[in-house]
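Subject: Structure handover

Hello,

Here is the structure for you to look over. My notes on it follow below.

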Amino acid sequence: MPHHPITVAGVEVFPLCDAVGPMGDSIRRPLPEMFPGGCHGESDEWILHFHCYLLRDAVGRVVLVDTGIGPEDSPAASWAPVPGVLGAELARVGVSPEEVDAVVITHLHSDHASGTVIGGVPVFANARHVFQRAEIDTAAEEILDHVVRPLGERVQVVDGQADVLPGIRVIHTPGHTLGHQVVQVGDLVLSGDVVLHPTQLADPKVTYLYDADPELAAATRVELLERVRAEGGMIATAHFAEPFTVIR
């Protein structure tokens, strides 16, 4: 069932569900191994929802946050439920790839970036693609070859906080990867993989097996959630079943 958009600070925010499914056998582990010390509930099966987000400002400019798992032969194919349906989700909300003005990649893991370039061709041909410098500097060669280098002059590299459009900014949030970034619109933060599982809302210090720097990731998560809570805001997550979560 499609998720409904919300409007924050004059910006429409559309959740786009690219795929739903468990991790593949190549990287799947029991939840207590993936989130040590967390409360995982009765099920040991983690069903991921792979969300991207479309932002449309008051004058109609369009920003896409993450591009999902990509086609059947994408870098995510070894573990994610490919192919993704981002193209169909964009069509559902009335946006063509050519109408996207900017793409923000929260980080260069294959489930967040594999829909950027398909068959060696950039999908969002008219868009600048925003990356943190630390992410490009530390990413694996395979994902650089598949995603970043084919974009050519469409790549926009930023350091730390930067405005994508007025009222839409990226913020460097290292830990899950060293160049991870989130997107803030008013009191809403599109949190990428800063928060992966609900157990990390109950205890933000719970780490994740596949964090590049688990201690740094936990510190970043604590700081981000405290700030959102102080502002009475919410997060839009990448892998929860429901896209929007109010932080109390």
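Six strands make up an open sheet of mixed pairing, in the order 10-11-12-13-14-15. Strands (E, at least two residues) and helices (H or I, at least four) are DSSP runs, numbered from the N terminus, and two strands pair if DSSP finds at least two bridges between them. Strand 10 (162-165) and strand 15 (244-246) are the edges, each pairing on one side only. Within the sheet, strand 13 (residues 188-192) runs parallel to strand 14 (residues 234-237), joined by four bridges. Leucine 190 is opposite alanine 236 of strand 14.

This is a predicted model: local features need pLDDT of at least 70 and side-chain atom pairs count only at pLDDT 80 or more, while totals for chains, interfaces and linings use all residues. Residues are numbered from 1 along each chain as its sequence is written, and side-chain values use heavy atoms, with hydrogens and water left out.

In helix 5 (residues 141-148), Ile143, Leu144, Val147 and Val148 are buried (under 20% relative accessible area, 1.4 Å probe, protein chains only). Seen down the helix axis, these residues fall within an arc of 105° (taken from the directions from the axis to the C-beta atoms), so they line one face of helix 5.

Regards

How values were computed:
Buried < 20%, exposed > 50% of the residue type's maximum accessible area, 1.4 Å probe, protein only.
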